[in-house]
Amino acid sequence: MARVDLDGNVINPMTICMIGAGGFIGSHLCEKLMSETPHTVLAVDVYNDKIKHLLEPDSLPWNGRIQFHRLNIKNDSRLEGLIKCSDLTINLAAICTPADYNTRPLDTIYSNFIDALPVVKYCSENNKRLIHFSTCEVYGKTIGSFLPKDSPLRQDPAYYILKEDTSPCIFGSVEKQRWSYACAKQLIERLIYAEGAENGLEFTIVRPFNWIGPRMDFIPGIDGPSEGVPRVLACFSNNLLRREPLKLVDGGESQRTFIYIKDAIEAVLLMIENPARASGHIFNVGNPNNEVTVRQLAEMMTQVYSKVSGEDSIETPTIDVSSKEFYGEGYDDSDKRIPDMTIINKQLGWNPKTSLWDLLESTLTYQHRTYAEAIKQAIAKPSAN
Ligand code: NAD
Ligand code: UDP
């Protein structure tokens, strides 16, 4: 049977130029496109470790529908050609780990704004559709965070729910370099929006709210630098694998909503295949039902990891650490992130499905299976010398 879109129209196979295809989200999107659709992917990245299983061997059923192009979009003239011969460009490339925002603010701003400029320009000039990955962090802090701690208004959703078309973007001072990422993402969103308004660029902007799952980031000292600081899922996974306490930054009081990567990818596929419903929109993609404080996340991950590994948890499962000690000068935090789902619901009829417990169970099963043995060996090595 032919694939049809949400309005019953036949979906024709398309060629997608996916920039940042070798990353966490890109790897899951490539997997989905290969296994469930007839579309072709020109996968652009500087790394391909996370999509190697899709590129080899030649006998894979989608052989020929995915091609890897190793290139750095900062300085490679092949980029325009790849965008020109595609129907759609998806830009995922970015520096997007908070530990970099205050310690490498220039790289962060260049990566999230300057390096994305040619992608937007080539799409606009060649009349190509663009799906650009922004972030929920463009909302910054909630309005409610500025109210007195005991104000009853803090309980009113009007003061914390984040809506694409009405919520303001509230960042800390310039000295708080944490916001260099959010600010760069906000400016590229505004540029894309303006290209749409003034030059007719057909665009969709995605604001992911803490998508997590297998292959996210790296485990320090195993498949990434020993001193590297990935996002919270990988930090906590690393601590659990090494039987160390999980570090709660500034008490772990910040709140996040976590969504399973596989639920989120369903939303992206709907955007890809329903351009008439997705174009011109900014979409929150998150799971408002999965809200926890970072402390609660740590407690739940400890419980789940104990279940999947069969090991008891350690005596002191968490310790508090100051943000200055953990991230250095210039760190700041988003207090609370609950996405409003009205627009994505109305346009694409999409809803997330997986509970936090279930998504942690499948993710930590993967982490244990992938890393437990390597960690054991890494821990054993120094004492062997
Ligand atoms: P990721 O770091 O795993 O993937 C980004 C990929 O882009 C990497 O493979 C990297 O090598 C590649 N890349 C970076 N600069 C490049 C360049 N100059 N040339 C070629 N390739 C380059 O991150 P992710 O979690 O997959 O995020 C993808 C996008 O989604 C980013 O734009 C990020 O800001 C956004 N986002 C993700 C989340 C989330 O929850 N995962 C949340 C908010 C925003
Ligand atoms: N965090 C923490 N311990 C860690 C890593 C992160 O307490 O080992 C906190 C961090 O301060 C933030 C939250 O976890 O409040 C989520 O951090 P992440 O890096 O995943 O990205 P963010 O959601 O801030 O973009």
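Me: How many cavities of 30 Å³ or more turn up in a search of the whole structure?
Reply: Two. A cavity here is a set of points, on a 1 Å grid over the protein atoms alone, where a 1.4 Å probe fits but cannot get out. This is a predicted model, where local features need pLDDT of at least 70 and side-chain atom pairs count only at pLDDT 80 or more, while totals for chains, interfaces and linings use all residues. Residues are numbered from 1 along each chain as its sequence is written, and side-chain values use heavy atoms, leaving out hydrogens and water.

Me: OK, what volume does the largest cavity have?
Reply: About 110 Å³. A volume is the space filled by probe spheres set on the grid points, which are joined across faces, edges and corners.

Me: Which residues lie nearest its centre?
Reply: Leu240, Arg243, Thr302, Ser313 and Ile314, out of 14 lining residues. Lining residues have an atom within 4 Å of a point.

Me: And which elements give two or more residues to that lining?
Reply: Helix H8 (232-241) and helix H11 (294-309). H11 gives the largest share, three residues. Helices are DSSP runs (H or I, at least four residues), numbered from the N terminus.

Me: What's the lining of the largest cavity like by class?
Reply: Six nonpolar, four polar and four charged residues. Ala, Val, Leu, Ile, Met, Phe, Trp, Tyr, Cys and Pro count as nonpolar, Asp, Glu, Lys and Arg as charged, and the others, Gly among them, as polar.

Me: Which residues line the second largest cavity?
Reply: Arg215, Met216, Asp217, Ile219, Tyr366, Gln367 and Tyr371. The second largest cavity holds about 30 Å³ of space.

Me: Switching to the core. Which residues touch the most other members of the largest nonpolar one?
Reply: Ile90, Trp211, Met271, Ile272 and Val285, in a core of 67 residues. Helix H9 (residues 261-273) supplies the largest share, eight residues. A nonpolar core is a set of buried Ala, Val, Leu, Ile, Met, Phe, Trp, Tyr and Cys residues joined through side-chain atoms within 4.5 Å. Buried means under 20% relative accessible area (1.4 Å probe, protein chains only).

Me: What does Ile90 touch?
Reply: Leaving aside residues up to four places away in sequence, Ile90 touches Ile16, Cys17, Met18, Ile19, Leu29, Ile131, Phe133 and Ile272. Contact means heavy atoms within 4.5 Å.

Key. Chains lettered and ligands numbered in written order. Buried < 20%, exposed > 50% of the residue type's maximum accessible area, 1.4 Å probe, protein only. 1 Å grid on protein atoms, 1.4 Å probe; cavity = no way out; pocket = protein on both sides within 12 Å on 5 of 7 lines; lining within 4 Å.
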